[in-house]
Every structure is written in structure tokens, then in C-alpha cells.
Amino acid sequence: MLAGPTSPIRLMSRAIARTYNMLTVASKVDLDRTAEDREFFAAEAAKLWPLRQALPAKQREIEDFELGPGDQNQSAVVLGDQVLDRGVRAGNTRTKLGLKGKSGLGAEHAFGSRVDDLIDAPHRNEPALVREAITRIADLPEYEDKAKVQSDLIARVELQEGLLKKRDEGDAALSKLESEAVKLVVEAADKLAQTKAALDGRFPRQRGYVASFFLDVSRKRRGGREEDDGEGSGGAPVG
């Protein structure tokens, strides 16, 4: 079975490489074919060469992004969340100490009865929740560190919001790369089908010979390679 339009890009890269390599080799090695046949092989290989280059290049581009900016953006959000959590916990403690012995609203008005409920909020939601807490701090009686707590939390919220925005931009960039990969895979599937049709037309009734030019994606794989049935691929008659 040929690699199809829904194949992963890694598999399609291998499928195109196999057919390109077999055609290139046949144009030089298959001495039982005519000169015209070998020219045909070379011409078919040339049609696949752009995809032979583009598929693994796009695959590497996606992997490089995932391992580089993509993972870095995610790491920044995770650490930014920790920075924000520490600020919230410290702000809650400083507020409690500052309001000790004062009448009126307490720290729980701003930070809730359990500060862990605020800290444990999803990364995406926590900055907005902390902004609400900052607003509620204004309702509290005056205490020595009030302005410092507010300004510190605002700085940490803005940092995390910026990190989340950068991650979103990175996700959009990765989505674009993946969309380009899907387009390449569909194009490659069409090219493989066209190549097989061309080979079938030139070598009718030689199904085994034609099949040897393509990666059979339905075959079981062992150690990253197709299983060898021990019969080779040269059993088809030359005609």
C-alpha cells in the first residue's frame, strides 16, 4: 500500500525517498532495461526530487521549532507561573501581617479564604484572577506594604501575560508549519500515485517489479525497517 494523503510527514518523507532512490538506482543499475527505460526512470526521479528535499526539510523545521522556541515558550510559561505563585503567596502573607490588629476587611477579601485556590488556577486563567485580587486590595485598610504588594503583583502578572502571549504566537507559527506539512504530504501522495501509474503503464503485468519502487506502508516493520521476506524483489519477469 502506498503512503497516502493522511500519512505522517516522517512516513511520507521515507516513502518519497524510497521511490526516488529506486528510480535513480534503476536508471543506472537495471541493465535488463532499454536506454529509453533508464531515461524514463531518471525523468520520473527528477519529478520527485523537489518533494524529496521539501518533506524532510519541513519535518526538521517542525522538530526544530518544537525543540527550540516551542519548548522554550512552554518552559517560560511554567516558570512564569511559579514566579506569579510566589508573588501571590508573599503578597497574601505581607497583607495579613500588615492588617494584623486592624479593623475592617482582611487579606481573604483580596486573596480568598484559601490562597492555594488562586495559585492552583490554570496558567491561562491565573493572571486575570490575580488582577482581580489586585483590584480588591484597594478595598483593604491602609497598611505599610500595600502599594508594594500591588506593584509587585502587577509586575508579575504583566510578565506572565507577556509569556502567555509569546507562547500563543509560537503555537500559531507551529500551526502554520504543520499546515504546510499537510499540504506537502497531500502533494506527495498525488505524486506517488502518478509515478505508480506511469510505471504500471510502462511495465504492464509486472506488478512485483513496479511494487519494488515503493515503500509498502502496510508491511510490518522491525527495527525501523521493512521485514525482508527472503525472496528479494527481482522475481518479476523482464518484458
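This is a predicted model: local features need pLDDT of at least 70, side-chain atom pairs count only at pLDDT 80 or more; totals for chains, interfaces and linings use all residues.
**Entry 1**

Local features need pLDDT of at least 70 and side-chain atom pairs count only at pLDDT 80 or more, while totals for chains, interfaces and linings use all residues.

I then turned to the largest nonpolar core, which has 31 residues. Such a core is a set of buried Ala, Val, Leu, Ile, Met, Phe, Trp, Tyr and Cys residues joined through side-chain atoms within 4.5 Å, where buried means under 20% relative accessible area, exposed over 50% and partly exposed in between, with a 1.4 Å probe and protein chains only. Met12, Ile16, Phe41, Leu55, Leu199 and Phe213 touch the most other members. Helices α1 (9-29), α2 (35-99), α6 and α7 (207-211) each supply at least two residues of this core; helices are DSSP runs of H or I with at least four residues, numbered from the N terminus. The largest share, nine residues, comes from α6. Apart from this core I recorded another, of 17 residues, including Val88, Leu99, Ala110 and Ala133.

**Entry 1: α5 against α6**

How do the axes of α5 and α6 cross? The axes of α5 (residues 126-137) and α6 (residues 146-202) come within 10 Å and cross at roughly 160°; axes are lines fitted to C-alpha atoms over the stretch in contact, with angles from 0 to 180 degrees between N-to-C directions. That makes α5 roughly antiparallel to α6, a term for angles over 145 degrees.

On the α5 side, the contact is made by Pro127, Val130, Arg131, Ile134 and Ile137. On the α6 side I listed several residues, among them Lys146, Val149, Leu153 and Leu164.

I located Asp168 in helix α6. Asp168 is partly exposed, with a relative accessible area of 34%. Its C-alpha atom and that of Gln74, 94 residues apart along the chain, are separated by 9.7 Å.

I placed Ala211 in helix α7. Ala211 is partly exposed, with a relative accessible area of 43%.

Conventions: Residues are numbered from 1 along each chain as its sequence is written. Side-chain values use heavy atoms; hydrogens and water are left out. Angles under 35 degrees count as roughly parallel, over 145 as roughly antiparallel, 65 to 115 as roughly perpendicular and the rest as oblique. Contact means heavy atoms within 4.5 Å.
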